[in-house]
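Here is a short report on a two-chain model. Keep the sequence and the coordinates at hand while reading.

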Amino acid sequence: MSQFLQNARDFLPILLQGAVVTVQVTVLAFLLSSALGLVLALGKLSSVRAISLAASTFINVVRGLPIIVQLFYIYFVLPDFGVQLTAFQAGVIGLGIAYSAYQAENFRAGIEAVDPGQREAALAMGMRPALLMRRVILPQAFRIALPPYGNTLVMMLKDSSLVSTITVAEMTRAGQLIASSTFQNMTVYTLVALLYLVMSLPLVACLRRLERRLGAGSRR
Amino acid sequence: MIEIDGLEKSYGAHRVLLGVSLRVARGEVVCLIGPSGSGKSTVLRCINGLESYQGGEVRAFGERVDQRSAGIHLLRRRMGMVFQRFNLFPHRTALENVMEGPVHVQGVPAAQARAEALALLEKVGLADKGGHYPAQLSGGQQQRVAIARALALKPEAMLFDEPTAALDPELVGDVLGVMRTLADEGMTMVVVTHEMGFAREVADRVCFLHGGTIVEEGSAAQVLGAPRHARTQDFLRRVLHAPGGSAA
């Protein structure tokens, strides 16, 4: 046990540096996937057939590919087409695109779950489609989509470990590097696992509270 | 002010309206009555373009109502609509619901919109409920907020789609009271309703619809008091004798 603590004291600073990168990748990729997901959801719901077809095709292709393959493609193949990205950039963009498909489905389900009477009331007031979406539909759709949205954030925190495969020095990668040079597999990966839990469990608790707070007072 | 000529509508093979014609003059209160499925709500929803139609024409304020026209939202701003299920925005307070149209649709400064919204809430008897969310209000209160919300856009006409049909009987009176006040003030109103007492008392004209056509039309006293058509007589007999019915 004292050996474990001794090792932990040596490894933790390196792992914590990795944890910072993990958080950065997660937050940036989550923002990207949210923005892209919203665009895709609105595209899929568009009455213009070409737009909705393009959006669903994109969503299906992205959902049909393993995330690792998408990351490899962006990091290793795009340079052949003249697009040079750092590992960090490739990781954020790859994860963001891969998750945008799931975000789009969450948002679309949320938008479609809003009572049709809300749309009619807004139309009857003379709202145009963009205002109607922004003031009436999206605020309610967001509340409906919040549980799956939060779930996606937690999944993304964990799946950010995938960018270790394209050499981003996030926490899992830091753990691998330490383990391969010290052979302290048990200590290293136990610490890595604990650190993921330290990040994800409070996040889950925060999301629960947010759901409860937004749910109160505004339900029919 | 509102002119409907030979209005036809169908959902696929199902024909809902088979040529409805109706004129509503400025300041007039017209009630549409009839059994469910007669098409009365559909007529109302065609007036502000919530429904499309296949034949005939609807004009409001001299302009053709077309759901797909670029200016439909401008036409809709001149008509308020009140729904059976209120359709208040659940994520905004009563006051915010009433301010929504003026501030975000018409661009009225927030301070002015707030003052006007408070006055409207007072008018519908809910001056103290401005900070409440719809979920914290009774059905009758919600419907009165919905009326205030529609009035906030200073409409030239009001459309009511069975405004009391979703209310507990004891809450109907307050909503009808507000509508009666509006009628007394000279508001142009088209009201789809089952409240025969309200129609008799307030309507300038009553139209009885059945099977997608206006079967009988005339003054409230004539249509409700001395109906000429057998269908109207039959309908009124059912409504007035229904247990717990809205004979009033």
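The text below covers confidence, the interface, parts of chain A and a sheet in chain B.

This is a predicted model: local features need pLDDT of at least 70, side-chain atom pairs count only at pLDDT 80 or more, and totals for chains, interfaces and linings use all residues. Residues are numbered from 1 along each chain as its sequence is written, while chains are lettered from A and ligands numbered from 1 in the order in which they are written.

**Confidence.** The predictor assigns the complex an ipTM of 0.90 and a pTM of 0.84. Mean pLDDT (the predictor's confidence in each residue, from 0 to 100) is 91 for chain B, and 97% of its residues score at least 70. Residues 244–248 of chain B stay under 50, and the model has 11 contacts beyond four places in sequence for them. A contact means C-beta atoms, placed from the backbone, within 7 Å.

**Interface.** Chain A puts 19 residues in contact with 21 residues of chain B. Helices and strands here are DSSP runs (helices H or I, at least four residues; strands E, at least two), numbered from the N terminus. Helix 5 and helix 6 of chain A each supply at least two residues of the side that touches chain B. The largest share, 6 residues, comes from helix 5 of chain A.

| Class (side of chain A touching chain B) | Count |
|---|---|
| nonpolar (Ala, Val, Leu, Ile, Met, Phe, Trp, Tyr, Cys, Pro) | 8 residues |
| polar (the others, Gly among them) | 6 residues |

**Chain A.** Helix 7 spans residues 171–182 of chain A and reaches 16 Å from its first C-alpha to its last, close to the 16 Å expected at 1.5 Å a residue. The expected span is 1.5 Å times one less than the number of residues. Buried residues of this helix include A:Met171, A:Arg173 and A:Ile178. A residue is buried with 20 or more other C-beta atoms within 10 Å of its own, exposed with 12 or fewer, and partly exposed in between; C-beta atoms are placed from the backbone. After helix 7 comes A:Phe183, with a positive phi near 60 degrees.

A:Gln84 sits in the loop between helix 3 and helix 4 of chain A. Why is A:Gln84 exposed? A:Gln84 counts as exposed because it has 9 C-beta neighbours inside 10 Å.

**Chain B sheet.** Six strands form an open sheet in the order 6-7-8-3-9-10, with mixed pairing. Pairing requires at least two DSSP bridges. Strands 6 and 10 of chain B stand at the edges with a single partner strand each, so one side of each lacks a neighbour in the sheet. Strands 3 and 8 of chain B run parallel, joined by 4 bridges. B:Val29 stands opposite B:Met189 in strand 8 of chain B.

Methods. Contact = placed C-beta atoms within 7 Å.
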